[in-house]
Amino acid sequence: MGREVSESCVDSLLTEMVSSYCDRFYANKPELAARRIEAIGFQVGHQLSERYTMERPRFSDNLEAIKFICKDFWSELFKKQIDNLKTNHKGTFVLQDNRFRWLARMSIDPSSEDGDLSQDNSAPVTENKAAQATSMHLYFPCGIIRGALSNLGIPCAVSADISSLPACELLVMECIRLYLLSYAHCIAFISTARYSFFSQSRSSCMIIVIFHPCISERALRFR
Amino acid sequence: MQFFGGSEISPSPPAPTASGNNAHMIYVFNRNGVCLLYREWNRPLHTLNQQQDHKLMFGLLFSLKSLTAKMDPTSAEKGNLGVPQLPGQGCSFHSFRTNTYKLSFMESPSGIKIILVTHPRTGDLRESLKYIYNLYVEYVVKNPIYTPGTPIRCELFNTTLDQYARSIA
């Protein structure tokens, strides 16, 4: 559907996005950079899911939506499907891709092989740096999945894990349980608020209205 | 010269005999003379230390290129000897052969120079050098972690290159 863009163009754009956010905009603040990249992915996933579900009927349950992500959504994006889908039937899904397209050309420093004892401390440090560099590139696809699912009505949290390049695992955790928990908190707050701010009923209403959206936002970001 | 490749690595040119140890070493320089990659598979004699070796090789090729362009009998306009030439300007020098080795050279429009030293009876390696350049683009340039202009430290590139070098006739 629509126009085509060269794949190397998209690859270079994503590489440059991650490196600008990590090295220039939020240098020394990797968590903020990760948040931003994930938010960009969220927007993209939101709009893409709108496009790709245009001619489909509604999804009957969450499993159907996740299967859509694994099959049709992933093939529209990467021309292949997710290789393995695991679930614990309690709202957590693990999507495994054995050759993730955006990681296909990534390779790290071949580690130095001297068995010098004094260099024992440096080995885990360099491994951490490599792991961090590679994990930064996964925040964008996590955001895409989160955006797509939230557009389909499933608030969730997505995290990624690289076991061995170029395979990666994406963990999707639905926030239903957390949502209910925070809703209970909100109701408890409403009852106490009504009691303590009895004389200023209008302000208590305002407090309730403003607080509620904040709780749901927090539930969405809770990992 | 055509440097366009598809998104997947194009199949390597057919190697008539794969006898293993034909390629001795490879150098990759960028346009500023920084040695991006040096790999050796079969080098019995080391004469200079690494830095001097790289500088010597880069200087040699720079001079050879300008010399061959200056001595070209078919070109009408020739610059003065020593004037730096754009890649592709003037005639392009491919290889030279001695009784113990053959050196093949390729320069891309972006100034990446690939030098392959092989057994003297190796045939024309221009297609092989183009394939190596394609490998460079796929595994180094498109690697999100690589910073251009720095020495290449990509495991994928090294392994694919080693594998290919073993199959060069």
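A: Let's start with a word we will need throughout: contact, or touching, means heavy atoms within 4.5 Å. This is a predicted model, in which local features need pLDDT of at least 70 and side-chain atom pairs count only at pLDDT 80 or more, while totals for chains, interfaces and linings use all residues. Residues are numbered from 1 along each chain as its sequence is written, chains are lettered from A and ligands numbered from 1 in the order in which they are written, and side-chain values use heavy atoms, with hydrogens and water left out.

Two strands pair if DSSP finds at least two bridges between them.

Now to the sheet. In chain A, four strands make an open sheet in the order β1-β2-β4-β3, with antiparallel pairing. At its edges stand β1 (84–87) and β3 (156–164) of chain A; each has a single partner strand, so one side of each is left without a neighbour in the sheet. From one strand to the next, the twist averages 20°. For this and later angles, axes are lines fitted to C-alpha atoms, for helices over the stretch in contact, and angles run from 0 to 180 degrees between N-to-C directions.

Look next at the antiparallel pair β1(A) and β2 (residues 92–97) of chain A, which four bridges join. Val94(A) is the bridge partner of Lys86(A). With a relative accessible area of 18%, Val94(A) is buried; buried means under 20% relative accessible area, exposed over 50%, and partly exposed in between (1.4 Å probe, protein chains only). Leaving aside residues up to four places away in sequence, Val94(A) touches Asn84(A), Leu85(A), Lys86(A), Glu169(A), Leu170(A) and Leu171(A). Ala160(A) is 66 residues from Val94(A) in sequence, yet their C-alpha atoms are 9.4 Å apart in space.

Lying across β1, β2 and β4 (167–174) of chain A is α3(A), which runs at about 15° to β2(A). Helix α5 (residues 139–151) of chain A touches β2, β3 and β4 of chain A, and its direction makes about 150° with that of β3(A).

The axes of helix α2 (residues 30–52) and helix α3 (residues 62–78) of chain A come within 11 Å and cross at roughly 100°. That makes α2(A) roughly perpendicular to α3(A); angles under 35 degrees count as roughly parallel, over 145 as roughly antiparallel, 65 to 115 as roughly perpendicular and the rest as oblique. On the α2(A) side, the contact is made by Gly45(A), Leu48(A), Ser49(A) and Tyr52(A), and on the α3(A) side by Phe68(A), Phe73(A), Glu76(A) and Leu77(A). Five of these residues are nonpolar, two polar and one charged. In this scheme, Ala, Val, Leu, Ile, Met, Phe, Trp, Tyr, Cys and Pro count as nonpolar, Asp, Glu, Lys and Arg as charged, and the others, Gly among them, as polar.

Finally, chain A has a network of salt bridges linking Lys80(A), Asp83(A) and Asp97(A). A salt bridge is a side-chain nitrogen of Lys or Arg within 4 Å of a carboxyl oxygen of Asp or Glu.

How values were computed:
Helices (H or I, at least four residues) and strands (E, at least two) are DSSP runs, numbered from the N terminus.
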